[in-house]
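The following note sets out points for a colleague who is examining this entry. Each point may be read beside the displayed structure.

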Amino acid sequence: MIAPLYDTRQKEAVLLSWIQGKDSYKETIYHEYLMAHWEKTLFPSFNTRTEFKTFWYSALHDGVITLDERGNGDYRFKGEALASVVPASFQGYVVGLTQSYYIGDGAFANNGWLQELPHPISKVVWDNYASLSTKTAKDLGVDMNDRIEITLPQGKQIVPVFIQPGQADGYISIELGYGRTNAGPIGSDVGVDVNVLLPKSSLTGSRILGGATVAKVAGTYVLSTTQEHHSLDDTFVKDLHLKREVVREGTLLQYEKDPNFLHHEKRELFSIHTEVEYKGVKWAMAIDLNKCIGCNACVAGCNVENNVPVVGKEQVAKGREMQWIRIDRYYSGTADAPVASHQPMLCQHCDQAPCENVCPVVATNHSPDGLNQMVYNRCVGTKYCSNNCPYKVRRFNFFNWRDHVAEGYYEQEPVNLMHNPEVTVRSRGVMEKCTFCVQRIMEVRERAVEQGIPLKGSDVKTACQDACPATAIVFGDMNDPDSEVAAYRKHNLGYHVLEETNARPNVTYLAKLRNIHSENLT
Amino acid sequence: MSTAATDYTREFPVVEGRPKAAELDATIAAPLDQFPSRVWWIAISITLSFLSIGAFCIGMTLYEGLGLWGVNQPVSWGFDIVNFVFWIGIGHAGTLISAILFLLRQRWRTGIARFAEAMTIFAVMCAGLFPLLHTGRQWLPMYLTPYPNQHGLWVNFTSPLVWDVFAVSTYFIVSAVFWYVGLIPDLATLRDRTTSKIKKTIYSVFSLGWRHSNRHWQHYERAYLILAGFATPLVLSVHTIVSFDFAVSVIPGWHTTVFPPYFVAGAVFSGFAMVQNVLIFVRQAFNLKHIITLDHLEKMNKVMIVTGSMVGYAYAMELFIAWYGGNQFERFVFLNRALGPYAWAYWTMVSCNVIFPQLFWFKKIRRSIPAMFAIGILVNIGMWFERFVIVVTSLSRDFLPSSWGHYTPTLYDAGILLGSFGLFFTLILIFVRVLPVVSISEVKGVIEGGQPSHR
Amino acid sequence: MKEKQQFSLTALFDTPDEIIRAAHETRSAGYTRYDVHTPYPVHGMDKAMGLRQSRLGIFVLIFGLFGAVSSVLFMTWVTLVDYPLVIGGKPFWSWPAFVPVAFEITVLMASVLLVVTMIVLYFKFPNISHPLHDTPYMKRISSDKFGISIQVDDPKFNEREVREFLYKIGGKEITPVYFDLEDLDHGQTMFDPKFLGVLALTAILVSGATYAVFNQLMFMEPFSWMSTQAKQKAQRPSDLFKDGIGMRPPVEGTVARGFLPYLFKGKPDEAGKNLVNPLFATKEVIERGKATYLTYCSPCHGNFARGDSRLRGQFPNPPTLHSDKVRNWPDGSIYHVITEGQNVMPAYASQISRDDRWAIIHYLRVLQRAHNAKESDLK
């Protein structure tokens, strides 16, 4: 619900004013029409004694009314229907076309934030690509960033290659929604249009198309990813995330047998100086890796909340993406049967933050409630903090990104209005990072002060926490023994990433338990 | 090559031949009096064009932002800091020659001290450029200094970058003062021998009215000694503090206690290579072969073997500690340096810094101008790559494999590096035309018959 | 025209041996106001001239200590007193980190002040109007000769004797040196118009440049201070909406979560009948009601709701809230009055939140009870 933008009219209002005749237009015309309609049709069926206005307001307030629409069909499961499901058999390569996770069928192509969300598995941004298994790629004689031409009866298209561990052999999956030619300053000419591979008759039908012929074509096309791709069989880097205990995992069986299996190797962390005490509220986060599905909703939510700039494909390729939270994806196992682990990684707000010690201008320091805060105006941009961050979660404005992307699209009206007014828009030369949504903390604190009640940690919800569909992220006051976050911190499965740097992070991860009933997990 | 000079049982004469004091004046001041030669004009036009390329790249960086460089996440420091450490290192040889060798009563330093000190100052100027440029908001360098301001904010005294600010600026000021104090008697000499009125005015102003009074010499010598005494720990502290930029951090490959001595040795190493390279040209061009003798160059080469071996030892020790310490992050970093994506840089560094300088064990090579020149250049390349290896490889693959990245320098990075060389050599070329490249008063004091004979 | 005033008598020598001997002789002869000039320091000259050791070392000690102590005190004051900040979980006073800065400041202070002391205090430099300056004698010294200058103000000075003495010890080119008359006449003038002109020009240039750089240049594109933000700031206009206002009230007719519109507009009786106080009369609620009451209600109704505030007489008198009428009102009616206002009392809906209104009612009930306590309350 929004007031008319510029001098515009709502389309329903336009239609109504045509129906009702000259001079009937007013801004509330559709509102009144709708109310009258409800009063006439829906309200009587409720048979209540309240006035219509009361009914209307409560419907608006609740956002929902319950109508009695019980049908009388048969909703039981019909086993015999399974017989009609037969495995399809295809000749040649099979092309699977799917909607993009983020931009759908292309409707959201002009949204830079969505374009720049890394694909949950491949971490590719700003592009679609032909995802091949290692074996298929070998058969075709192609490597990453090569190009292949896919030919189907209805059309052909040249698509860049991405080798995806775990992909089925002979199957090529490509995302739809890319290659739009007139989608706006952001979305035009991003990726390739694979709609041409769809048969016209089956636009609503199956998007798994067999019988494709595939051939390598000359030239390369560089895909941008937010994560380097380390070969799964290179012993030098294999399973480093497990060896370094970045991601800790176990099996359900293991946990049932010994719930404390993570913490047998007791590590003593000591300090050579007296530690700072946080007497009041102390903010902390916990992330349950069992719940995380790697969907990137937190990243998108954070982008919007915190005015995170879009940097564009070339800059992502250089390693300059700006997202404050990222989902790290690690593979273990083999290229044919990889085991993927997801780990949301954001500023850990360490108690003994390495970044703070090295900032020459005290632009980053600790707040009394345990936040690692970043003072943009003081920052001169030495980038030392980022170098010294073991988690590499700090982001630097190498350019004035809003000025730099799509000829200043993001700083022109009306697009600039999407920026959260509560959050500073950072300019070039400034370091930034996750603030634990300090503006939300402050809002809750203001309210608490205004009402004279103590600040309650669980009243603050960070943007990533709000966005998480799996409630994997918990935020709150760790000094409150009854809070959920304190319980997570004490949990058997709780651990901190890179504990041995003694940075004392305030983000607790809960180790993932795999229900594979085997102890073979590396 | 005289046989006397290669007889190591005797100290070689500091100045060859028996020039008279007045002849020395003429020789040393000659470049100041003549119209520059064609070679000089060609040289300065080359260096000025390098400088203008650098200036253009700097201008673009100021206008557009650091994004023009190759730096990224995770490698937020690239050529900028590499160049900074490189140039600071070059500067160290000058102070070493002028201060430490002075304290050690090495009389052979007199011929090369002035020039080496000038190089120190110019190198620190080049070095100082990079910390200023590498900040994202180059228009706020004052935030790095503790000055009273309306924010009520000071600086973070625990940050090595603040130590750097103090160390580098102190180093620059003290070096410049030291250099200037040494110049005062020479400026007086120039003042008294010049015939041009303008030059006379300028020299008069800068020589402050020096009149070679012995009542002044007395304090002057004491002050010079004290300054040398201060410059010695200062020069050691500067590169120590520069190494703290890395050693104080938590990044594997940076977090190493061996860095301070290792950096100081490396600095002297590269500095001597640079001084040796430039002096080869200067002694040739300005007819100073009897003052900056082959023996001088040989001694510098010997210093290079020593410091080069120290650097080599540090490389070996780093590897050993990485293995012996048993820290998996540390081990990975060093394996990654030698075998990872930047292995080429690592092996360039090792061969240039450790292997080639060992050729100086052969006297023939040590005394052959072309050979030592080539090795000097290799050493400088190697030392530049040492800083590259330390800065870039450590950052590119640190703790979390997910945030690893690759650093690729851009043309702007290269342009600014070129520009810093342009600045350095332009300053040197101007220096050799306007000031005596050899300390006149000091050399006069060490020529034969320069001191009373009864002692 | 004044007569030439002599400064000293000078003699030149060729070798260091000669000058050492000459200096020794001069000293032995009892001259005190003399000086030896050599193009470089000659070893043993201090002894020959009988000079005491330079005292510069003491100055250096003082300057160095000053640098060390002042820098440590400054850093202590900054981190402990003026602006303590938690940085990396370290104690405020992290003294090991002060060592590098303290060291550098010590060296800087000691060496720079040493040179300044030497030049200004000992040498009395800059001084280019010394009589020896720019003399043929000085030109020879600058090159390769050594010289002695015995000054006229020496108590033993006697032109003829000194000349003979210098000759005896092997001095050549014995020449008198005179003061420069012009320098003697004028000295330096502070108010020389040329000097003042240069001073003024410098002042204008420096302040102009400072203004241009710090007030103009540094705020020009591309330098950014983040003062202009590509976002809608509070109280700023926006072209997006027809009325040009950037801050938006909720759209007419919408209902926000937790904010049902007030349904009893103009219906006090129904409000009284239908509304029930949603809060319990807990201590916190009553405290909150008290605070709100004292803020919004007491200016008219008085601190104890007796209608006796200091505004009495300036407006139509506000009523006491202890009347039977109000005491017997249901909570809903009072709520309605606060929300909608009554007679001259304005509506407080926009100022007092709903919960606060209900809390006020609880507090009011407390006041009423206290004012009209029953026997049983005293127990």
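How many helices and how many strands does chain A have? Chain A has 16 helices and 20 strands. The model is a predicted one, and the points below should be read accordingly.

1. The C-alpha trace of chain A spans about 80 × 70 × 55 Å along its principal axes. Of the 522 residues in chain A, 43% are buried. Among contacts in chain A with a separation of 6 or more, 69% are between residues 24 or more positions apart.

2. An open sheet in chain A. Four strands of chain A form an open sheet in the order β17-β10-β19-β18, and their pairing is mixed. β17 (473-477) and β18 (494-495) of chain A are the edge strands, each of which pairs on one side only. Within this sheet, β10 (residues 283-288) and β19 (residues 507-510) of chain A are parallel and share four bridges. A:Met285 has A:Val507 in β19(A) as its bridge partner. In general, the strands of a sheet pair through backbone hydrogen bonds, either parallel or antiparallel.

3. A covered helix in chain A. Helix α9 (residues 297-305) of chain A has seven buried residues out of nine and is mostly covered. Those buried residues are A:Cys298, A:Val299, A:Ala300, A:Gly301, A:Cys302, A:Asn303 and A:Glu305.

4. One of the paired positions is A:Arg326, whose bridge partner in β12(A) is A:Met345.

5. Domains of chain C. The domain assignment divides chain C into domain 1 (6-186) and domain 2 (268-378). The C-alpha centres of these two domains of chain C are 89 Å apart.

6. An enclosed strand in chain C. Is strand β3 (residues 146-151) of chain C largely enclosed or exposed? Six of its six residues are buried, so β3(C) is largely enclosed by the rest of the structure. C:Phe146, C:Ile148 and C:Ile150 point one way from β3(C), whereas C:Gly147, C:Ser149 and C:Gln151 point the other way; all are buried. Strand β1 (residues 6-13) of chain C runs antiparallel to β3(C) and is joined to it by six bridges, with C:Ala11 opposite C:Ile148. β2(C) is likewise antiparallel to β3(C), through four bridges, and here C:Tyr34 stands opposite C:Ile150.

7. A helix pair in chain C. At what angle do helix α10 (residues 283-301) and helix α13 (residues 354-371) of chain C pack? The angle is about 95°, and the axes lie 7 Å apart. α10(C) and α13(C) are therefore roughly perpendicular to each other. On the α10(C) side, the contact includes C:Val285, C:Ile286, C:Tyr293 and C:Cys297, and on the α13(C) side it includes C:Ala359, C:Ile360, C:Leu364 and C:Val366. The residues of this contact comprise nine nonpolar, three polar and three charged.

8. The contact between chains C and B. Chain C contributes 62 residues to this contact and chain B contributes 55 residues. The elements of chain C that give two or more residues to the side touching chain B are α1 (16-28), β2 (34-37), α2 (45-49), α3 (56-82), α4 (98-122) and α5 (136-143). Which of the elements gives the most to the side of chain C that touches chain B? That element is α4(C), with 16 residues. By class, this side of chain C has 41 nonpolar, 14 polar and seven charged residues.

9. The contact between chains C and A. Here 31 residues come from chain C and 46 residues from chain A. The side of chain C that touches chain A divides into 15 nonpolar, eight polar and eight charged residues.

Methods. Residues are numbered from 1 along each chain as its sequence is written. Chains are lettered from A and ligands numbered from 1 in the order in which they are written. This is a predicted model: local features need pLDDT of at least 70, side-chain atom pairs count only at pLDDT 80 or more; totals for chains, interfaces and linings use all residues. Domain bounds come from an automatic or database domain assignment. Two residues are in contact if their C-beta atoms, placed from the backbone, lie within 7 Å. Ala, Val, Leu, Ile, Met, Phe, Trp, Tyr, Cys and Pro count as nonpolar, Asp, Glu, Lys and Arg as charged, and the others, Gly among them, as polar. Two strands pair if DSSP finds at least two bridges between them. Axes are lines fitted to C-alpha atoms, for helices over the stretch in contact, and angles run from 0 to 180 degrees between N-to-C directions. Angles under 35 degrees count as roughly parallel, over 145 as roughly antiparallel, 65 to 115 as roughly perpendicular and the rest as oblique. A residue is buried if 20 or more other C-beta atoms lie within 10 Å of its own, exposed if 12 or fewer, and partly exposed in between; C-beta atoms are placed from the backbone.
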